[in-house]
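The sequence and the coordinates are shown first, and the description follows.

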Amino acid sequence: MFEILKKFKDTMIKILAIMLTIVLLLAVVELGYTIVLDIVTPPVFLLDIGELLELFGLFMLVVIGIELLDTIMKTYTHEAVDHVKVVMAVAIIAISRKVIILDIQKLPPLTLIGIGIIILAITFGYFLIKRQGHNENK
């Protein structure tokens, strides 16, 4: 029974990895198209802040997707990987993307404080997890 479940899980992980790879490929194509479109639109080779933020957001989205694919491949194909540490690292990257593309002029101060608290909490959690792993290796 457990062997069947393990094979099912492995199959689902492979399917997810293939689907995520397709989505990443489409995201890279979209990013390339957006870069070319922004560069050739007059004024040529000049990007305004909105376009730069959009590009950075797309770049970070691709990086998050790559990290997620790496997480799926490492976490679910190797038993020795610390699942929590990998998920926390992806969370840090995701919140970093959100902060990079944020327009702080349009957000209330309480929202910015909340985002700051989330960043601190995730980072502190990652630090504790990493420190615990370092202490266990001694």
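Setting aside neighbours within four places in sequence, leucine 31 is in contact with Leu55, Leu58, Phe59 and Val62, where contact means heavy atoms within 4.5 Å. The model is predicted: local features need pLDDT of at least 70, side-chain atom pairs count only at pLDDT 80 or more, and totals for chains, interfaces and linings use all residues. Residues are numbered from 1 along each chain as its sequence is written, and side-chain values use heavy atoms, with hydrogens and water left out.

Leucine 31 also belongs to the largest nonpolar core, whose ten residues are Ile13, Ala17, Leu20, Leu24, Leu31, Leu55, Leu58, Val62, Leu69 and Ile72. Helices H1 and H2 (49-77) each supply at least two residues of this core. A nonpolar core is a set of buried Ala, Val, Leu, Ile, Met, Phe, Trp, Tyr and Cys residues joined through side-chain atoms within 4.5 Å. Buried means under 20% relative accessible area, exposed means over 50%, and partly exposed lies in between (1.4 Å probe, protein chains only). In soluble globular proteins, nonpolar side chains tend to be buried together.

Helices are DSSP runs (H or I, at least four residues), numbered from the N terminus. H1 has 39 residues and reaches 57 Å from its first C-alpha to its last, close to the 57 Å expected at 1.5 Å a residue; the expected span is 1.5 Å times one less than the number of residues. The buried residues of H1 are Ile13, Ala17, Leu20, Leu24, Leu31, Thr34 and Asp38.

The structure holds one salt bridge, defined as a side-chain nitrogen of Lys or Arg within 4 Å of a carboxyl oxygen of Asp or Glu. It joins the side chains of lysine 6 and aspartate 10, at 3.3 Å from N to O. These two residues are four apart in helix H1 (residues 2-40), and are therefore separated by about one helical turn. Lysine 6 is partly exposed, at 41% relative accessible area, and aspartate 10 is partly exposed at 24%.

Aspartate 38 also lies in helix H1 and is buried, with 9% relative accessibility. Not counting residues up to four places away in sequence, aspartate 38 touches Leu46, Leu47, Glu51 and Leu55.

## The loop between H1 and H2

Most residues other than glycine have a negative phi, and most peptide bonds are trans. A cis peptide bond joins proline 42 and proline 43, with omega about -5°, and proline 43 lies in the loop between H1 and H2. Phenylalanine 45 lies in the loop between H1 and H2 and has a positive phi of about 65° although it is not a glycine. At 65% relative accessibility, phenylalanine 45 is exposed.

Leu47, Ile49, Leu52, Phe56, Phe59 and Ile100 form a nonpolar patch on the surface, with about 530 Å² of accessible area together. Such a patch joins nonpolar side chains (Val, Leu, Ile, Met, Phe, Trp, Tyr) within 5 Å, from residues with over 30% relative accessible area and no salt bridge; accessible areas come from the Shrake-Rupley method with a 1.4 Å probe. H2 gives the most to the patch, with four residues.

Isoleucine 100 is found in helix H3 (residues 83-100) and is partly exposed at 37% relative accessibility. The buried residues of H3 are Val86, Met88, Val90, Ile93, Ile95 and Arg97.

Key. Patches are made of residues with over 30% relative accessible area and no salt bridge: like charges are joined within 9 Å, nonpolar side chains (Val, Leu, Ile, Met, Phe, Trp, Tyr) within 5 Å.
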